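Please keep the structure in view while reading.

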Amino acid sequence: MTERELNAAGIAHPALRAAYTRCRALNARHGKTYFLATRLLPVARRPAVHALYGFARWADDIVDDLLSDAGPAERAAALDALQLRLTAGLRTGESEEPVVRALAHTATVYGIDHRHFTDFMASMRADLEVTDYPTYDDLRSYMHGSAAVIGLQILPVLGTVVPRAEAAPHAAALGIAFQLTNFLRDVGEDLDRGRVYLPGDLLAAHGVDRALLEWSHATGTRDPRIVAALRAAAELTRGVYREATPGLAILEPVSRPCIRTAYVLYGGILEAIAEDGYSVVHRRAVVPRRRRAAVALDGVGRVAAARLRARARRSGRRAALGAAGGRA
């Protein structure tokens, strides 16, 4: 966390500053796409987003870290311990655990509904027990806690130009769209974890089941049925992006470049998957650096334009107040 960001956010206590710095490091290491987009937010709002996303990454690591030797029982115990710290931290606003401390502070400052964190932890726990989802409806239920609530947590930080309840469905949809994109990109890695996040009914419609995916992954053999299923999953994901799109315009203007950049970058992952022939069972699709840089540069331009408009509005208001005072 840069001194400038912490100072702008009014975070003064040394332990709290260290807690936010820890969250920023988690975000930078794990969430390269979203970390890049977060750089486009006003500096005062960045620490809160890092706290929310850093906590999510930390919990996800307990469940999913492939480099850990921890078994299911150990992971469950670690998740239980985190749940206890989270509950206490949200209740008191304090925690000895830095990531929880930053999260609790952010939740208090922005008035974030604690139910979103409860729902998130429920989905993390499901990852210890559930290895596939028979229908898309089943998957949507899981994604409410694992993805939709992330959008709902971040919404108060971003701000809206309409009542928050009006923007909430779009924020939830964007979280789901991002996660569906990740599911497509990470099919092979998830198979290594013993999980399939593509809905069973969608796979079955194209003659695909778990056994076929595992065979293809193990042998490196492509199958046209899998390609067809993945193409259908990508189209399903694009539909969720369309649900989310109206929400971009109702965010506060200074927040729009950040979320639009994330929206375009994640959409670029879908494009990269298609360009690579839907080979995600065998390798992860990667967005070229030049394309990522171009999107980021466009975002920087949009930030500059938004700030200029905001300054112009403030100058106009001051001029109007001055004129009114002169007439009084």
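1. Ring pairs join Tyr133, Tyr142, Phe183 and Tyr197 into a cluster. Rings of Phe, Tyr and Trp (its six-membered ring) are said to pair if their centres lie within 6.5 Å; planes under 30 degrees apart count as stacked, over 60 as edge-to-face and the rest as tilted. By this rule there are eight aromatic pairs.

2. The model is a predicted one, in which local features need pLDDT of at least 70, side-chain atom pairs count only at pLDDT 80 or more, and totals for chains, interfaces and linings use all residues. Residues are numbered from 1 along each chain as its sequence is written, and side-chain values use heavy atoms, with hydrogens and water left out.

3. One of the pairs is formed by phenylalanine 55 and phenylalanine 120, which are tilted, with 6.1 Å from centre to centre and 55 degrees between the planes. Phenylalanine 55 belongs to helix α4 (residues 46-64) and phenylalanine 120 to helix α7 (residues 115-126), so the pair ties together parts that lie 65 residues apart in sequence. Helices here are DSSP runs (H or I, at least four residues), numbered from the N terminus. Both phenylalanine 55 and phenylalanine 120 are buried, where buried means under 20% relative accessible area, exposed over 50% and partly exposed in between (1.4 Å probe, protein chains only).

4. The rings of tyrosine 133 and tyrosine 142 have centres 5.2 Å apart and planes at 40 degrees, so this pair is also tilted. Tyrosine 133 counts as buried because its relative accessibility is 7%. Tyrosine 142 is buried as well, at 7% relative accessibility.

5. Which residues touch the most other members of the largest nonpolar core? In this core of 96 residues they are Phe55, Phe120, Leu139, Tyr142 and Leu230. A nonpolar core is a set of buried Ala, Val, Leu, Ile, Met, Phe, Trp, Tyr and Cys residues joined through side-chain atoms within 4.5 Å. Helix α8 (residues 136-158) supplies the largest share of this core, 13 residues.

6. Leaving aside residues up to four places away in sequence, phenylalanine 55 touches Leu82, Leu86, Val99, Val100, Leu103, Phe120 and Met121; contact means heavy atoms within 4.5 Å.

7. The axes (lines fitted to C-alpha atoms over the stretch in contact, with angles from 0 to 180 degrees between N-to-C directions) of helix α5 (residues 72-92) and helix α6 (residues 98-110) come within 9 Å and cross at roughly 35 degrees. The contact is made by Leu82, Arg85, Leu86, Gly89 and Leu90 of α5 and by Val100, Leu103, Ala104 and Ala107 of α6.

Note on methods
Helix = DSSP H or I, 4+ residues; strand = E, 2+ residues; numbered from the N terminus.
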